[in-house]
Amino acid sequence: MGITFTNELPNGIKRGYDYDTGEKMISIPDNGEFLITSRKKVNAYKDLIKNSREQPSYTCSNMDSIKEVIRTLEEKHCGYLLYLQCFMDFGGLLIKGSKYKDPMNKNDIQKVLGLGRTTFSYFFNTMIKNDIIHLEGEHFRVNAKYHWKGDSNVTNLIRSYTTTLKELYKSVNAKDLGFIYKLLPYVHKETNFLCENPIEKNPLLIRPLNKKNIARIVGVDEKTVYRKLLKLKLSDMYVFGEVSKGGVNNAYMINPFIFYRKGGKPDKTLKTIFLFNPQK
DNA sequence: ACGAGGGCACATGGTGATAC
DNA sequence: GTATCACCATGTGCCCTCGT
């Protein structure tokens with residue numbers, strides 16, 4: 001049985017049906033080859049990006065200097081910060097949204113984070129005290145040493161895709177986002193692998209992080225890492241992908257639709273890993 | 001012997017109330 | 001505005017069994 005494609009649209013996209021799983025499938029031309037996935041997944045992704053304009057917008061984080069932030073802040077505060085930096089404009093000012101460019105005041109920020117008075121003031125005072133967010137009159141600017149939006153000559157940076165990241169905040173808690181934040185300095189540029197030496201160019205020399213290493217870096221129990229790897233999902237996509245060789249899980253990758261180091265769109269292999277449908 | 005995953009007691013986060 | 005508290009829901013660490 002397998003997948004049968006019926007009609008081809010003028011743009012080269014083919015629609016089809018998977019007789020094994022009963023799912024509607026789609027074949028998308030991609031640099032001379034075809035990426036086959038389910039329409040459900042494609043639609044879920046389209047829904048996520050439909051509110052953003054032409055290009056999915058992103059912010060950048062400095063992989064070296066955010067290690068200071070990680071050392072200083074509690075995990076939950078790293079999570080709130082990761083979400084909040086999605087609201088920067090090109091000057092780092094926290095604004096209400098891409099459509100409404102008014103700067104946010106303290107109340108707006110509290111509302112956006114969805115926190116009560118006690119929790120918010122604890123978080124926000126910590127940001128100001130550690131110079132991660134500056135006060136400018138009634139408005140606030142994120143310290144460009146750590147996070148910014150737009151061009152930069154920093155080499156070790158990682159892009160966070162605003163729309164997907166905002167969506168992620170809805171489905172996980174602040175500690176989960178903090179967990180992800182702590183792993184951002186370990187994302188490899190070419191492959192999105194989590195590794196000890198993310199600037200290594202030779203693939204043979206990459207030292208991928210296993211569950212034990214991740215637990216040590218983040219400072220949690222191995223079981224907690226395991227649970228988060230299973231749990232963290234965005235719509236139909238997982239945040240982390242697992243690579244196993246010989247039945248042993250020895251490496252992890254982060255979802256390139258949320259975090260990606262290179263410019264442009266994720267390459268074909270990465271797309272396939274995070275979009276393909278496991279056989280039932 | 002080992003890793004995946006279950007169970008459970010304890011820890012932690014977020015909240016509103018209260019006092020200052 | 002901040003500090004502290006008790007409360008509840010959820011998360012976490014640790015120990016366990018199970019299957020290989």
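Q: At roughly what angle do the axes of helix α7 and helix α8 cross?
A: Helices here are DSSP runs of H or I with at least four residues, strands are runs of E with at least two, and both are numbered from the N terminus. Axes are lines fitted to C-alpha atoms, for helices over the stretch in contact, with angles from 0 to 180 degrees between N-to-C directions. The axes of α7 (residues 174-183) and α8 (residues 211-218) come within 10 Å and cross at roughly 105°.

Q: Which pLDDT do local features need in this model?
A: Residues are numbered from 1 along each chain as its sequence is written, chains are lettered from A and ligands numbered from 1 in the order in which they are written, and side-chain values use heavy atoms, leaving out hydrogens and water. This is a predicted model: totals for chains, interfaces and linings use all residues, side-chain atom pairs count only at pLDDT 80 or more, and local features need a pLDDT of at least 70.

Q: How are α7 and α8 placed relative to each other?
A: Angles under 35 degrees count as roughly parallel, over 145 as roughly antiparallel, 65 to 115 as roughly perpendicular and the rest as oblique. With a crossing of roughly 105°, α7 and α8 are therefore roughly perpendicular.

Q: Which residues of α8 make the contact with α7?
A: Contact means heavy atoms within 4.5 Å. From α7 come Phe179, Lys182 and Leu183, and from α8 come Ile214, Ile217 and Val218.

Q: How many charged residues are in the contact of α8 with α9?
A: Lys211, Lys212, Ile214 and Ala215 in α8 meet Glu222, Val225, Tyr226 and Leu229 in α9. Ala, Val, Leu, Ile, Met, Phe, Trp, Tyr, Cys and Pro count as nonpolar, Asp, Glu, Lys and Arg as charged, and the others, Gly among them, as polar. That makes five nonpolar, no polar and, for the charged residues, three.

Q: Which strands stand at the edges of the open sheet of four strands?
A: Two strands pair if DSSP finds at least two bridges between them. The order is β8-β5-β9-β14, with antiparallel pairing. Two strands have a single partner each, so one side of each is left without a neighbour in the sheet: β8 (147-148) and β14 (259-260).

Q: Which residue in β9 is the bridge partner of Asn62?
A: Asn62 lies in strand β5. Five bridges join β5 (residues 58-62) to β9 (residues 157-161), and these strands run antiparallel. In β9, the partner of Asn62 is Leu157.

Q: What is the relative accessible area of Asn62?
A: Buried means under 20% relative accessible area, exposed over 50% and partly exposed in between, with a 1.4 Å probe and protein chains only. Leaving aside residues up to four places away in sequence, Asn62 touches Lys145, Tyr146, Trp148, Val154 and Asn156. Asn62 is buried, and its relative accessible area is 13%.

Q: Are the rings of Phe120 and Phe124 stacked or edge-to-face?
A: Both residues lie in helix α5 (residues 117-129), four residues apart, about one turn of the helix. Rings of Phe, Tyr and Trp (its six-membered ring) pair if their centres lie within 6.5 Å; planes under 30 degrees apart count as stacked, over 60 as edge-to-face and the rest as tilted. Here the centres are 5.1 Å apart and the planes are at 20°, so the pair is stacked.

Q: How many of the ten residues of helix α3 are buried?
A: The buried residues of α3 include His77, Cys78 and Tyr80. Helix α3 (residues 75-84) is largely enclosed by the rest of the structure, because its buried residues number nine of the ten.
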